[in-house]
Amino acid sequence: MTWSVVAHDRASGEFGIAVATRFFAVGALCMYVKPGAGAVATQALINPYHGIDGIDLLERGIPAKEALAALLARDAGRSVRQVHLMDAVGDFAAHTGEGCIDFAGHLIFEDFSVAGNMLAGKQVIEATAEAFALNAGLPLAERFIAALDAGEAVGGDKRGRQSAALRIHKNDEYPVLDIRVDDHEYPLVELRRLYEKSKERFSIFRQFLASRDNIAGTYDRSKIDAALAAAGIK
């Protein structure tokens with residue numbers, strides 16, 4: 001099941017994962033992202049420990065290719081796994097097991113990777129990659145959604161659609177944005193709606209939260225309210 005994008009936006013410093021599938025709550029088990037480590041997407045017959053332990057390896061400074069090799073070496077089910085990941089310096093690695101259900105494959109580029117299985121065809125990952133690259137001027141969340149939309153438009157998951165998610169981090173342990181559609185007739189439409197809702201209040205409020213650089217954050221409500229008012233939000 002599933003196709004996803006793992007990416008690093010070097011201009012903004014944001015990085016993360018976006019995913020869509022004909023499966024319930026894909027965001028719960030597919031996506032693992034941590035600042036100072038990287039990002040791991042585990043799919044096909046998901047092994048959650050590829051994400052959990054993969055992040056641990058990356059956080060210890062193990063390069064993406066070596067971390068992936070270590071994960072696969074101990075997994076007797078690697079032939080039915082699909083994994084792609086990014087390390088802390090922005091290098092990528094990917095694995096599509098020979099037992100993954102067609103179409104299954106992956107593509108790696110300088111700043112992102114795309115992988116999928118049980119897809120309508122290779123055109124799904126190609127269209128996803130093309131759309132992600134062509135929308136380089138947009139915020140990372142919008143690039144993710146546009147890329148998944150493009151993959152869906154040429155067939156997506158050959159079984160249909162059910163869930164989608166995206167998770168974006170920057171410098172903090174908690175995310176810049178983390179939204180999930182666990183079960184929906186049109187999950188990518190709903191994902192975009194949630195993203196647009198996030199821009200109304202959440203994205204403004206988020207910038208005032210505590211960070212490692214400013215552990216108290218901004219707690220003066222007048223400043224937060226002023227920023228919301230400037231954005232036309234009551």
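The model is predicted, so local features need pLDDT of at least 70 and side-chain atom pairs count only at pLDDT 80 or more, while totals for chains, interfaces and linings use all residues. Residues are numbered from 1 along each chain as its sequence is written, and side-chain values use heavy atoms, without hydrogens and water.

**Pockets**

A pocket is an open set of points on a 1 Å grid over the protein atoms alone, where a 1.4 Å probe fits, with protein on both sides within 12 Å along at least five of seven lines; lining residues have an atom within 4 Å of a point. A volume is the space filled by probe spheres set on the points, which are joined across faces, edges and corners.

| Pocket | Volume | Lining |
|---|---|---|
| Largest | about 260 Å³ | 14 residues |

Glu14, Val176, Leu177, Tyr195 and Ser203 lie nearest the centre of the largest pocket. Helix H7 (202-206) is one of the helices that each supply at least two residues of this lining, and H7 gives the most, with 3 residues. Helices (H or I, at least four residues) and strands (E, at least two) are DSSP runs, numbered from the N terminus.

**Sheet**

An open antiparallel sheet has 4 strands in the order S3-S4-S5-S6; strands pair if DSSP finds at least two bridges between them. Strand S3 (31-34) and strand S6 (92-96) each have a single partner strand, so one side of each is left without a neighbour in the sheet. S3 pairs with strand S4 (residues 38-44) over 4 bridges, and Val33 has Ala39 of S4 as its bridge partner.
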